[in-house]
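These are my notebook entries on one structure.

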Amino acid sequence: MIKFLDLQKINLQYQNEIEAKLLEVFRSGWYLMGSQLSNFEKNLSDYIGAKHSIGVANGLDALRLILRGYIELGIMNPGDEIIVPSNTYIASILAISDNGLVPVLVEPEIETYNIDISKIEEKITSKTKGILIVHLQGRVVFSDQLKEIAEKYQLKIIEDNAQAIGAEWNGKKTGNLGDASGFSFYPGKNLGALGDAGAVTTNDDELAKTIRALANYGSNQKYVNIYKGLNSRLDEIQAAVLDVKLKYIDQENKIRREIAKRFINEINNPTIVLPEYPSDENEHVWHVFVIRSEKRDELQAYLTENGIQTLIHYPIPPHQQQAYKEWNELSFPISEKIHDEVLSFPISPVMSEDEIKQIIEVVNKF
Ligand SMILES: *Cc1c(COP(=O)(O)O)cnc(C)c1O
């Protein structure tokens, strides 16, 4: 069987280096807020090009903490509106509503699956304070027009960079395009830990300081609490593992690009709409390879029978979730079509030539 993602094989590439680090942390007797975390934060900042990196417990917390930071700084207030794509993973939206902010959904472009920047301005009101862009599937969403809209209405641009670490727009990395960015290092992400992990990057000194405190019970100084904070820390073991894997992220993303290119050039099936390969290939790191088909469910069953594991990202759009009952009657036709038709094929830095060929061959026979 061709697995959707072989995490064991991905991590075993670095077995010696990772095991040495695990042992080092174990023997050090220091498990939180130590040198592994500060090393990783420094290396992540250098890689992204942003002044500050703050390791946190997971990607959802990274986004929650950014918005909470803006609230503590008086830049946002509960009840304010944040624009977000209607087809994103639910966590982007949870981060907004968890802070008492109001998510305002904007439809994506069907070609890129990313928020349609031309539809943002019509959703802006006097309460709008930010745009949460999501580089979905690993593809950058950014433009001069987006920057102009944010400047015109004085909105913060927050990046959900959970799926796109390593991607670039005009030579600048995602995570350094907007005002602040949330990263997830969930094991299945392009840079994956051995459990939950996340980070915030920003060039904003005040925001960085506030988030650092918020993630540590609201305290910058032991037993002195300035905010009603939370406990959201990146532990030494995860930081050490991530620091090893960060060195290889460009190499791994390059392999993902090569596989995506093969699929796009060699899959030829009239029932399947392939994703776009961006003219600047650095704009995509292919976290997932997503196709569309009106026969999606048949195609998925056929691939399963033929030993190819696939997933659906995502089967239910946020506005149709029970968690957001208040939106259930709304209509977002592009998102609904996407959720009805998408299928993600296996793609990973450890797929063999045989597996790539087999996927192409089997898909073409459908
Ligand atoms: C994975 C993901 C998150 C959440 O990250 P966790 O580390 O699982 O909390 C947020 N947004 C997007 C787009 C994601 O893919």
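Entry 1: I began with Arg64, which counts as partly exposed at 23% relative accessibility. Here buried means under 20% relative accessible area, exposed over 50%, and partly exposed in between, with a 1.4 Å probe and protein chains only. I then noted the basis of the work: this is a predicted model, in which local features need pLDDT of at least 70 and side-chain atom pairs count only at pLDDT 80 or more, while totals for chains, interfaces and linings use all residues. Residues are numbered from 1 along each chain as its sequence is written, and side-chain values use heavy atoms, with hydrogens and water left out.

I looked for the partner of Arg64 and found a salt bridge with Asp98, the closest N and O atoms being 2.9 Å apart. Arg64 lies in helix H4 (residues 59–72) and Asp98 in helix H5 (residues 90–98), so the pair ties together parts that are 34 residues apart in sequence. A salt bridge is a side-chain nitrogen of Lys or Arg within 4 Å of a carboxyl oxygen of Asp or Glu. Helices (H or I, at least four residues) and strands (E, at least two) are DSSP runs, numbered from the N terminus. Asp98 is partly exposed as well, with a relative accessible area of 46%.

**Entry 2: other salt bridges.** How many salt bridges does a search of the whole structure find? The search finds 24. One of them joins the side chains of Asp6 and Lys3 at 4.0 Å, N to O. I also looked up Arg296 and Asp297, whose closest N and O atoms are 2.8 Å apart in their salt bridge. Arg296 is buried at 7% relative accessible area, whereas Asp297 is exposed at 53%. Elsewhere, salt bridges that share partners join Arg262, Glu266, Glu353 and Lys357 into one network.

**Entry 3: a buried charge.** I turned to Glu107, in the loop between strand E3 (102–106) and strand E4 (128–134). Glu107 is buried yet has no salt bridge, and the nearest side chain of opposite charge, Lys119, is 5.4 Å away. For charge, Lys and Arg count as positive and Asp and Glu as negative; His and the chain ends are not counted.

What does the side chain of Glu107 reach? I found the backbone nitrogen of Ile334 at 2.8 Å and that of Ser335 at 2.9 Å. These are polar contacts: pairs of N or O atoms within 3.5 Å, where within protein one must be able to donate a hydrogen and the other to accept it, and residues adjacent in sequence count only if both atoms are side-chain atoms. Not counting residues up to four places away in sequence, Glu107 also touches others, including Ser86, Ile115 and Phe332; contact means heavy atoms within 4.5 Å.

**Entry 4: the ligand and Lys189.** I listed the residues around the ligand, among them Asn58, Leu60, Tyr89, Asp160, Gln163 and Lys189; a residue is near a molecule if one of its heavy atoms lies within 4 Å of it. A polar side-chain atom of Lys189 lies 3.1 Å from an oxygen atom of the ligand. A ligand oxygen is also 2.8 Å from an N or O atom in the side chain of Gln163, and one is 2.9 Å from a polar backbone atom of Leu60.

UniProt, in an unreviewed entry, lists Lys189 for "active site"; its positions are given in the numbering used here, feature names are shortened, and annotations may be inferred rather than shown by experiment. Lys189 sits in the loop between strand E8 (180–184) and strand E9 (198–202) and is buried, at 17%. Leaving aside neighbours within four places in sequence, Lys189 contacts Ala162, Ser184 and His287.

**Entry 5: a covered helix.** In helix H8 (residues 236–246) I found ten of the eleven residues buried. The buried residues of H8 pack against helices H1 (7–12), H2 (15–28), H3 (35–48) and H9 (249–266). At the start of H8, a side-chain oxygen of Asp235 reaches to within 3.0 Å of the backbone nitrogen of Ile237.

**Entry 6: backbone geometry.** Last, I looked up the backbone angles. A cis peptide bond joins His313 and Tyr314, with omega about 10°. Tyr223, though not a glycine, has a positive phi of about 70°, and Tyr223 is exposed at 72%. Trp286 has a positive phi near 50° but is buried, at 1%.
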